[in-house]
Amino acid sequence: MAMKFNIHEIVNGMNPEAPNKFYLRPISSGEKNLDELAADIAHSSSLTEADVYAVLQSLVREIPRAIADGYIVRLGNLGSFRMSINSSGSHSADQVSEQNIIKRRLIFNAGKSVKKELDKIVFVKNK
């Protein structure tokens, strides 16, 4: 597998006098939606596209439910999902409430098998 990258020059925001640095940025090839993933999985298995799609849709529905119930959702070799929040501080514990929440995020941590496959990706400079 090969993924293309561009080079971006970044200014040091903390010290504008410092020399700029250059960083790699991966280039997206587009998107794969749930329908396309279901079709891809169906072609490499004995399941129909409709069966695969139904399971994926159920997963999309069940992950947020489990997260809302306070669970970390582990999907074997795929990885895990968990909730994270950013909140503002209060001067006392009595003042802390849901109103302190600034941002809610769903964190995905790739599993060992996925990480191993990602390590195999070769990056090539975009011409």
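**Sheet S2-S1-S6**

I looked up the strand order and found an open sheet of three strands, S2-S1-S6, with mixed pairing. Strands here are DSSP runs of E with at least two residues, helices are runs of H or I with at least four, and both are numbered from the N terminus. Two strands count as paired if DSSP finds at least two bridges between them. Strand S2 (21–26) and strand S6 (122–125) are at the edges with a single partner strand each, so one side of each has no neighbour in the sheet. I noted an average twist of 45 degrees from one strand to the next. Angles run from 0 to 180 degrees between N-to-C directions, with axes as lines fitted to C-alpha atoms, for helices over the stretch in contact. Strand S1 (residues 2–10) pairs with S2 in the antiparallel sense, over six bridges. Opposite Phe5 I found Pro26 in S2.

**Note on the model**

The model is predicted: local features need pLDDT of at least 70, side-chain atom pairs count only at pLDDT 80 or more, and totals for chains, interfaces and linings use all residues. Residues are numbered from 1 along each chain as its sequence is written, and side-chain values use heavy atoms, with hydrogens and water left out.

**Sheet S3-S4-S5**

I then took the open sheet of three strands with the order S3-S4-S5, where the pairing is antiparallel. Its edge strands are strand S3 (73–74) and S5, each of which pairs on one side only. S4 and S5 run antiparallel and are joined by nine bridges. Helix H2 lies across S3, S4 and S5, and runs at about 50 degrees to S4.

**The aromatic pair**

How many aromatic pairs does the structure hold? I found one. The ring centres of Phe81 and Phe108 are 5.0 Å apart and the planes stand at 50 degrees, so the pair is tilted. Rings of Phe, Tyr and Trp (its six-membered ring) pair if their centres lie within 6.5 Å; planes under 30 degrees apart count as stacked, over 60 as edge-to-face and the rest as tilted. The pair links distant parts of the chain, with Phe81 in strand S4 and Phe108 in strand S5, 27 residues apart. Phe108 is also the bridge partner of Phe81 in S5. I checked accessibility for both: Phe81 is buried at 17%, whereas Phe108 is partly exposed with a relative accessible area of 38%. Buried means under 20% relative accessible area, exposed over 50%, and partly exposed in between (1.4 Å probe, protein chains only).

Ser80 is in strand S4 (residues 79–87). Its relative accessibility is 9%, so Ser80 counts as buried. Residues up to four places away in sequence aside, Ser80 touches Ile72, Val73, Arg74, Ile107, Phe108 and Asn109. Contact means heavy atoms within 4.5 Å.

With neighbours within four places in sequence left aside, Ile85 is in contact with Ile101, Lys103 and Arg104.

Ala110 belongs to strand S5 (residues 101–110). I read a relative accessible area of 18%, so Ala110 is buried. Beyond its neighbours within four places in sequence, Ala110 contacts Leu78, Gly79 and Lys115.

**Loop between S4 and S5**

I looked up Asn100 in the loop between S4 and S5. Asn100 counts as buried because its relative accessibility is 8%. Its side chain makes a polar contact of 2.8 Å with the side chain of Ser90. The Asn100 side chain also reaches the backbone nitrogen of Ser97 at 2.8 Å. A polar contact is a pair of N or O atoms within 3.5 Å; within protein, one must be able to donate a hydrogen and the other to accept it, and residues adjacent in sequence count only if both atoms are side-chain atoms.

**Helix H1**

In H1 (residues 34–43) I found Ala38, Ala39 and Ala42 buried. They are on the same side of H1, because they cover an arc of only 100 degrees around the axis. The arc is that of the directions from the helix axis to the C-beta atoms. The buried residues of H1 pack against helix H2 (49–68). At the N-terminal end of H1, Asn33 is the cap, with a side-chain oxygen 3.0 Å from the backbone nitrogen of Asp35.
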